[in-house]
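Here's a quick tour of some side-chain contacts, starting with an aromatic residue and moving on to charges. Have the structure open as you read.

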Amino acid sequence: MSISRAAVVGAALDVLDQQGLDKVTMRAVADRLGVQHNTVRWHVESKQRLLVLMSDAILADLDVAALPPAWEERVRALARWCRQAILARRDAARLIAGLSTAEANTYRFADTMIQTLLDAGLTPRAAAWANWTVFYLILGITQEQQAQSAEAPEQVAAFDDPAYPALREASAHVAAGTFDERFEFALDMQVVALGAELARTAGATTTS
């Protein structure tokens, strides 16, 4: 049976979706494809390489032409697209967070985000670091969401310990809201901060 690297990665993603990240092995992928273990290894060299290719495949199909032109909405659209792509695969946030992926789809997403910020007027350093900041936000909240059991929905517990007055005052909100609501709130804060950085950079350029 002749198979391709893409078929191997696709089978690995199927195992991920059906059984979770801990069950993704070279042998499990071989069994799914109906081939020998060495056939899978010939295409992807090692399990680590397989995981990297899976991570990159999750970020495929970004349609840059469909993104809005204004930088604020473009950043939001990119972040939302990335989050939905990760949410579409079981344990995907945990997979991606554990890897350093230097592949085409991952590079394309980062390049599009950084170019958006450069075009807005950020310095190369600020654009690169802002890209990481947004990506860390996406991974963090999405990994928490994917780790939460569907059978055990989030509980909002009353907090009435006077030793922690701030938590006591905000207890109704600490665990409230959906993951989407928290994500949009945090993303809005990121965009506001980027706008402030742009204003600061423009002010520094004007006075120099």
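## Aromatic contacts

Trp 81 comes out partly exposed, at 21% relative accessible area (buried is under 20%, exposed over 50%, partly exposed in between; 1.4 Å probe, protein chains only). Phe 109, by contrast, is buried at 3%. This is a predicted model: local features need pLDDT of at least 70, side-chain atom pairs count only at pLDDT 80 or more, and totals for chains, interfaces and linings use all residues. Residues are numbered from 1 along each chain as its sequence is written, and side-chain values use heavy atoms, with hydrogens and water left out.

There are four aromatic pairs, taking rings of Phe, Tyr and Trp (its six-membered ring) with centres within 6.5 Å; planes under 30 degrees apart are stacked, over 60 edge-to-face, the rest tilted. Trp 81 and Phe 109 make a stacked one, with 6.1 Å between centres and 25 degrees between planes. Trp 81 and Phe 109 also belong to one aromatic cluster with Trp 132, Phe 135 and Tyr 136.

## Salt bridges

The model has 14 salt bridges (a side-chain nitrogen of Lys or Arg within 4 Å of a carboxyl oxygen of Asp or Glu). In one of them, Arg 89 meets Asp 17 at 2.4 Å, N to O. Both ends are partly exposed: Arg 89 at 25%, Asp 17 at 29%.

Asp 160 and Arg 168 pair up too, with their closest N and O atoms 2.9 Å apart. Here Asp 160 is exposed at 58%, while Arg 168 is partly exposed at 38%. Elsewhere, a salt-bridge network links Arg 5, Glu 45, Arg 49 and Glu 103.
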